[in-house]
Amino acid sequence: EGLKPLRSAQSRRLGNQSFGDLTPPAAIRRAGAQRQMSVPSRRSNESFRNMQLVAEVEGPPERNSAPAPNESQRQYVKRWLSSASPSDMEKVFNALASKRPDEYRDMAQLMTGQQGQSAPISRSSTSSMIGRPSELIGKVPILQFSSPKYFCMEGEPVVKVVVIRVGSMERPTRVAYRTEDKTARAGHNYVHSQGEIVWDIGDIDKEIEIPLIDDSEWAGVLEFRIVLDKDGVDNGIVSESLGETWVQRIDDDVFPSNDFETLRTVRPHEMAEEVRKIDTMRLIMEFARTTFTDKTVRRGTIRMFLIGILKNTFFVLHLAVSAYMVDAVLSPGHNADKDDRISRLFVIVVLTLLPTAVLHYLDYTQFAKGVVGITRLRVASGVMNSFLYMEDSARQSMETGDLVDAMTLDSDLLVKQGYLSLVAIVQLLGRIVMCFGFQMVAPLQSGSISQLLNIRFVPLVAFPFLLLAVMWARSKRTADVLRERQNYHTELVKAVHSVVDNFRLIADFNRRQWVMDMHTNNIANFSKQDKALSEVLCNNTYVMSWLTSAVVAAYVLLNGVDVIRGDMKVGMFLTCLGVCKTLGGLWTKIYMLMLQCIALSTSIERTVGIINQQGDVKTRRELHEHSYVASKKFEQAEKSKHHPTGDESLLDYLPIQVSKMGITFNGHLEVKFGFEGLTIQQGTLISLVGLAGQGRSTLLRMIGGAILPIRLDETNSTFLVPSHLRVLHVPHRTMFINGSLYENLTFGVVKGTQDGDLERVKRICRRCHLTGPLFENLTDAPDSPQMMWTETLSSTEKHMVSIARALIANPEVLCIHKPTLQLGALDSQTIINLLRAFVDERGVELDPEKLRLRRPRTCIITSVRHESAEKADQVYKVQGRREPESVQQVGSRRPSVQLLDISQLRDEDFGDARE
């Protein structure tokens with residue numbers, strides 16, 4: 001009834017603006033009303049003032065003087081109320097109940113679906129309904145995967161993926177899903193699947209199975225995606241952040257092939273030595289064989305072989321045409337007339353040009369077949385994936401330069417100087433066979449069998465044996481010099497990385513001259529070894545040149561006499577002489593290509609060593625399965641205790657639990673958390689305190705997923721971090737990526753969400769006191785300036801950027817190390833209040849009308865100030881002492897975590913306050 005006056009009054013004040021399907025308060029805000037503030041009380045008051053217009057505009061008219069609202073109006077208001085916060089709904093229903101009880105009854109019936117109820121609603125029933133506003137709405141549930149990533153072992157027939165329904169379970173829900181290729185391909189690595197998932201009343205999770213296809217070859221990183229269709233959903237909303245998930249296959253094959261399966265169990269610090277014991281050519285050959293098994297690479301390689309055969313055919317045709325041109329066209333004694341010979345010469349010219357055009361086109365188009373790109377991608381992605389999921393001990397012992405070389409230099413060399421060199425060798429051997437056939441057939445035209453026996457077998461038989469002899473004599477020396485040169489190159493790269501990473505230390509201690517002396521010495525050593533390599537390669541090249549010259553000299557001596565005697569035509573002699581030189585050149589190329597393969601010793605050894613390092617993927621999968629089983633047990637146990645309302649879910653009651661877990665390093669147990677149980681409820685701010693060195697940071701890193709624990713007791717150990725929660729671990733040290741300031745601030749934002757909206761990012765920066773020109777002029781333009789942010793920003797700004805980045809990312813669980821350590825009193829209070837708001841408002845600077853669509857937020861911090869503990873919902877003191885046989889161990893007799901009253905905390909309990 002108040003809708004028309006409201007629109008009329010607002011149109012007079014705001015002008016003729018199109019509100020579309022917006023509800024009245026949303027239309028007022030869109031048209032330019034006062035901007036919503038981030039303080040909850042201000043926002044609630046403004047929303048209530050807007051909603052009062054709906055209930056009270058023009059005063060309460062007489063019931064019998066106004067028409068009853070139609071169904072369209074009812075649905076219009078219901079849609080508006082469905083997006084309101086519980087407190088706003090309560091105020092609106094209170095106003096309706098006191099001023100328009102009939103309208104309140106109709107609206108309550110509409111919201112609860114009780115259209116058939118005719119008895120008036122009593123005051124007591126009105127109060128009970130207002131006290132439980134979420135039950136009036138029957139909120140639509142959120143559909144999402146239980147984890148952003150799933151792991152499956154090679155050899156398993158299927159991968160099982162869980163889709164959960166968060167929110168109301170009072171109605172059936174259905175959603176469509178489908179699989180999409182990434183590096184894994186449907187029909188080769190898995191079976192393409194699509195279908196529909198149906199939840200009945202009361203169902204929380206559903207499991208779907210995707211069939212997998214096994215193979216026995218190393219295939220690198222194989223991933224595919226499963227997507228929930230946002231358009232194919234009934235009674236549900238697909239989650240923005242977990243509406244899709246990735247499935248990665250854990251490849252238990254060894255790179256480059258399972259012939260080297262002993263590398264599976266090699267410890268990280270022994271890997272390089274074990275790989276060096278394997279023959280380089282054997283590694284290269286197995287790498288080529290494995291690469292050839294890829295369907296796309298195989299097709300492209302076969303095409304290369306066919307082009308090689310065509311080139312060899314054209315080569316033999318050229319030899320025959322050359323002999324014919326000398327003996328039958330250009331020879332002065334030929335009987336044909338001049339016009340006929342000129343016509344033949346014209347045909348010979350055409351036959352010379354045509355193959356060049358055909359081969360040019362074929363060679364140019366072969367780059368589009370992806371042999372180089374796909375092979376490089378497999379190797380480089382295999383190296384990167386191995387590094388990302390490598391055990392901590394192996395990752396910490398790896399040099400940055402080795403990783404960079406393996407992904408950029410080695411992956412390229414293995415393709416171009418490894419695989420393609422072997423392909424080229426096969427093509428060259430085909431040309432040698434063609435030359436052999438030509439030299440066998442050509443002399444028969446003169447009927448001279450003696451020529452066949454005299455001149456054909458000398459180069460054909462001599463070259464292979466001489467080549468093998470030279471390779472055997474020179475290979476070890478060449479490999480040793482190449483390896484030494486690569487070692488000096490690696491040391492040089494390490495030194496440069498060290499200078500870049502530690503420039504501030506070098507400059508502060510005035511050690512620039514020391515760095516220059518070290519760098520000059522490294523360059524001199526590398527140049528010396530590079531000179532030695534150049535000398536060896538020069539000698540290798542000239543060895544084959546000497547052999548070619550010797551064979552050609554023998555051919556001229558033996559067959560030149562036949563030309564003088566008239567037993568051989570000049571054209572045939574010159575053509576066979578050219579073939580002899582060509583054979584020498586072909587064997588020289590084969591020799592140089594084989595040397596290139598030997599030169600890849602360092603590249604193949606480094607790549608094999610990195611890819612075959614032991615990873616933590618299996619441990620992550622075991623923890624994921626352990627958490628899922630623990631979640632199901634908890635779910636079954638708590639069903640009888642909790643009765644979630646429309647805006648709640650039983651999954652919101654799943655706690656974070658840690659009990660009897662440990663941390664290993666290099667295979668040895670280093671840290672033990674043997675306490676009976678640490679339980680953290682969702683939607684709370686938790687503070688961990690204790691003396692320095694007693695395990696606060698280790699415990700936080702374990703919950704945040706930065707380090708992976710092991711179970712100390714197979715029966716009683718518990719590590720439960722619900723897999724459907726997105727956990728973000730924020731270390732104390734602020735780090736930056738190579739990108740703009742906006743890209744750094746939104747680094748953790750999930751693709752497809754609105755969390756990275758530029759205005760939201762700016763508002764969060766202002767609340768973190770990031771108000772300098774760089775932040776006020778923040779832009780998301782692709783050409784935004786990129787700087788060395790570690791040098792550009794102050795210490796306080798860098799720390800604030802780290803906190804802002806975490807809040808912008810908007811995870812469900814936020815683990816932050818010492819968020820107030822480097823800050824003053826005012827900034828510290830600001831950050832603690834922000835973290836408090838993050839928990840209370842289920843995110844910072846988000847739409848308040850969608851509060852109930854968001855899941856609870858949990859924040860766990862290590863505290864160094866009393867203020868942090870005072871704002872926390874719970875404070876846990878991690879206490880213990882160091883044991884002689886352990887690097888770090890929490891607990892005296894037995895580790896303990898106890899819940900404390902804040903008044904019991906002393907200054908020394910905040911172990912890092914002295915910092």
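Q: What does "buried" mean for a residue here?
A: Buried means under 20% relative accessible area. In this predicted model, 47% of the 915 residues of the protein chain count as buried.

Q: Let's turn to one helix pair. At what angle do α9 and α20 pack?
A: Helix α9 (residues 280–292) and helix α20 (residues 601–611) meet at an angle of about 65°, and their axes lie 10 Å apart. Their crossing is left-handed.

Q: Which residues make the contact between α9 and α20?
A: From α9 come Thr280, Leu283 and Ile284, while α20 brings Ser601, Ile604, Glu605 and Val608. Sorted by class, this contact has four nonpolar, two polar and one charged residues.

Q: How many disulfides does the structure have?
A: The general idea is that a disulfide covalently bonds the sulfur atoms of two cysteines. A search of the whole structure turns up zero disulfides. Take Cys859, which is in no disulfide: its nearest cysteine sulfur belongs to Cys815 and is 7.8 Å away, whereas a disulfide needs the two sulfurs within 2.5 Å.

Q: Is Cys859 buried or exposed?
A: Cys859 counts as buried because its relative accessibility is 0%. Cys597 is buried as well, with a relative accessible area of 0%.

How values were computed: Residues are numbered from 1 along each chain as its sequence is written. This is a predicted model: local features need pLDDT of at least 70, side-chain atom pairs count only at pLDDT 80 or more; totals for chains, interfaces and linings use all residues. Side-chain values use heavy atoms; hydrogens and water are left out. Buried means under 20% relative accessible area, exposed over 50%, partly exposed in between (1.4 Å probe, protein chains only). Axes are lines fitted to C-alpha atoms, for helices over the stretch in contact, and angles run from 0 to 180 degrees between N-to-C directions. Helices (H or I, at least four residues) and strands (E, at least two) are DSSP runs, numbered from the N terminus. A crossing is left-handed if the near helix is turned anticlockwise from the far one by less than a right angle, and right-handed if clockwise. Contact means heavy atoms within 4.5 Å. Ala, Val, Leu, Ile, Met, Phe, Trp, Tyr, Cys and Pro count as nonpolar, Asp, Glu, Lys and Arg as charged, and the others, Gly among them, as polar.
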